[in-house]
Structures are given as C-alpha cells and as structure tokens.
Amino acid sequence: VQKTTGILAPASSGSYNGGGGRRTDTSNHYSGYYSSNQGQQKSAFCFPIPAAVRGCASVDKVEVSVKNLHSYSGAGVTQHLAVTHTQTAGPSWPGATGPFAGRATAKGGWYGGAEWVDITGDKDPTFGATVAENFRTRGAWGVCLVAPGTSQSYYSYWGGMRLRITYTVRI
C-alpha cells in the first residue's frame, strides 16, 4: 500500500443568495444573513476529485482550508460545513447534505487567515457515511459553507477553499 496526499483547488465555486440564485456581483463567497436584499447566503466549492481517490483502498483524511475575509462582528464567526454531490457550482444552489452530524460546527471563532479543518469523520446525514467515505464511494465533489442561523453574527465572506485528501492505494 502507498499513502498519497493531494491538495486540490476548486474547479468551480459560487456564492448563492437566500433564494438559491447564484450571485454574479461578487467574487467573494458569502455565508449568512446580512439583510433581506440577499437573504440567507451560502457558498459551494466543487473540486475535481481524481479517479485515484474514488477508487482507492481508503480515504484516510479529508481537510478543508478557507480564508475568512470578514465576519460581521469582526471577532470571528462559526460556520457549518456540508458536502455537495454536484460537480459544478452552477447558476442555482447545488444543494448540500449537512451540516455534518456529530459536530454541530466545524469551526468556531473563525477570523482572518486560513487553517486546515479536519472533516474526515464527520457524518453525512443523508447517506450516513463519513465524509471520507463520501469522497471515496458516493461521488461527493465539494464542500459548502452554510451559516448555522440567521443572526447577523454568522454573516461572513470568504476567499478560496482548498481540499486536502490523504488516501491509500494498493500497489
């Protein structure tokens, strides 16, 4: 067996308003509620998952890194992470399963900078599988940012996301 780690940039991404329409007025990725103008916003990042990952012996670790550019309070923000089973962040919200069960918030107090957050063992409530198994067997293609509520304290915007997958292949 051989362990391999790959860091992926999204092939597509988008920010979506509360009605599910893609925002075309910004390159930032929004999450949360600021006003009724855009409603409860969310963002999706879709990755080109290599065939080697989808057919590997095991996915050992799945981590995401995304840079917080702004939070409403200026003191950090809590975000939920969810999986999308859509390959492209298109003109309408691609849908997401989550937020992950077993951990209500993937990261609290997120402010400035970017750091790796391990989501390997988080459960996908739709399929009951872990995130790692979703990327290996169920065709998960991306990760979404979804605010845990409508309070402005969850409003934030973000830079690009990266996905780091460590997996085992049989040689």
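By a nonpolar core I mean a set of buried Ala, Val, Leu, Ile, Met, Phe, Trp, Tyr and Cys residues joined through side-chain atoms within 4.5 Å. Please bear in mind that the model is predicted.

The largest such core comprises 28 residues. Within this core, Ile49, Phe135, Leu163 and Ile165 have the most contacts. Two or more residues each are supplied by strand 5 (58-71), strand 6 (77-84), helix 2 (131-138), strand 9 (142-146) and strand 10 (156-169). Strand 10 provides the largest share, namely six residues.

Let us look at Leu163 in particular. Beyond its neighbours within four places in sequence, Leu163 is in contact with a set of residues including Ile7, Leu8, Phe47, Ile49, Val62, Val64, Trp116, Phe135 and Val143.

I now turn to helix 2. Which of its residues are buried? They are Val131, Ala132, Asn134 and Phe135. These buried residues pack against helix 1 (51-54) as well as strand 5, strand 6, strand 9 and strand 10.

Thr137 also belongs to helix 2. With a relative accessible area of 44%, Thr137 is classed as partly exposed, because that class lies between the 20% limit for buried and the 50% limit for exposed. Thr137 and Ser58 are separated by 79 residues in sequence, while their C-alpha atoms are 9.6 Å apart in space. Just after helix 2, Gly139 adopts a positive phi of about 80 degrees.

Technical notes
Residues numbered from 1 in each chain as written. Predicted model: local features only at pLDDT ≥ 70, side-chain atom pairs only at ≥ 80, totals over all residues. Heavy atoms only, no water. Buried < 20%, exposed > 50% of the residue type's maximum accessible area, 1.4 Å probe, protein only. Helix = DSSP H or I, 4+ residues; strand = E, 2+ residues; numbered from the N terminus. Contact = heavy atoms within 4.5 Å.
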